[in-house]
Amino acid sequence: MVKFRRLSNSRWWNNRKYWTIILIFSILLIVRFSKTFIFRDVYYFITKPFWPGEYQQEILRKSANQELNIKLSQLERDNLRLRQLLDLQNFSEANKLNSSVISRNTGSWWKKIILNKGSQNGVSTGDAVIGPGGLIGIVENTSMLTSSVQLLTAPSSKVGVWNQRANLHGLLIGVGTKTPKLFFYSKDVDIKVGDYILSSPASTILPPNIPIGIIQSIDNESKPNTVATVQLTAQPEAIDWVQIFRMRF
Amino acid sequence: MKFDLNQYLSLISFLIIPLVIFWNPSWLSLMGHQAYWPIFWLLPWALIHGPFKSMLLGFLLGFILDSFNADMYTQIPGLMICGFWFGKIESSNKFNNNPIHFGLTAGIGSLICGVIYFCQIVLKLFLGNSPLWVFSYGIQNIFSQVFLTSLLAPVFCKWLYLFFIKEYKLKM
């Protein structure tokens, strides 16, 4: 009896045609179930050289900045008008004076900086000093050409501040470290970590609504008042230029 | 008459102290803390001129330095005690002019001045019923100041000591 042995190349998996069909079918399945991600990725690489470049991005950014500046100046004007109506303290651009830091003593008992503008330029004791980020201190004394600024971190610094969200007033007390303490006048206050601290709009010493810092932590155990630690938004140890707000009433 | 700079070295270096304090070089500070600069001048001066003159100079130095800071605390007592003590250790022959002695003496002097200044701050806060939040910062500040002063004293004090000796010999 003769036995017929099937030739190996006669099996289906050795047939190239079947594999081609399987491959095409698999591709179709992937395309179907992938929701065209392959096409999108291919499209990504093909169109990449023709995308809007950095230049266009810059134009957009500039336009957005201009728009924000217009809105800001409009809001400032509104604010000034309303403050005039309410007979509150006013601060205009004319009262701002740019000054550079000529001496910095931020790491000893005396937390001070010295500015290159003095009484000759109209700077007087009590003027607010603002750096990039917000308020950094108050002019302590002036000479003819220079003025000494006591920083908010100085142990003897005390400034009245305001939390806009909770509409709460408090006292910011310097303790020597970079994070002054915020002392609220009552125990149960609605403040949260991350809240902004601004200069009080009712203040007669400081210009209104100047950013000062962000609440870093809250000590609920302290009695009888709530005390919070504030991270200042302006860093005097890294600032070279500041603005002096000359107090004119 | 020829002007001899060597005769006025102590006066010139004395006038430089406030400028260095204003300058506050960041590369000579530790975590923003500064060395106590007046000690670098007072120590070598006291080693040459004795306790009583140095106490008087400590008063003068403190008086000038207090005028920079418009607060109610004073550096005068610390500097007067240091001036007296620095002069005393020299007159009792307990001081060898080696770097370790300069470093240790300046460090202790800085500690005395720092503690006296800090006590005034604490006392004011205590009397005003204010919380003593400044306490940990004060301790940190004192120790940083002592460390930096001790570290730099062998260089600055020795250097000034040699200048002052030269000036002293010229005047004698």
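This is a predicted model: local features need pLDDT of at least 70, side-chain atom pairs count only at pLDDT 80 or more; totals for chains, interfaces and linings use all residues.
Residues are numbered from 1 along each chain as written, while chains are lettered from A and ligands numbered from 1 in written order.

Take the helix pair in chain B. Helix α2 spans residues 37–49 and α6 spans residues 135–171; helices are DSSP runs of H or I, at least four residues, numbered from the N terminus. Their axes come within 8 Å and cross at roughly 45°. Axes are lines fitted to C-alpha atoms over the stretch in contact, with angles from 0 to 180 degrees between N-to-C directions. The crossing is right-handed: the near helix is turned clockwise from the far one by less than a right angle.

Contact residues (C-beta atoms, placed from the backbone, within 7 Å) include B:Phe40 and B:Trp45 of α2(B) and B:Phe156 and B:Tyr168 of α6(B). B:Phe40 touches B:Ala106, B:Ala153, B:Phe156, B:Cys157 and B:Leu160, not counting residues up to four places away in sequence.

Now the chain interface. Here 17 residues of chain B are in contact with 18 residues of chain A. On the chain B side, α1 (9–23), α5 (99–127) and α6 each give two or more residues. The largest share, three residues, comes from α6(B).

Key
Two residues are in contact if their C-beta atoms, placed from the backbone, lie within 7 Å.
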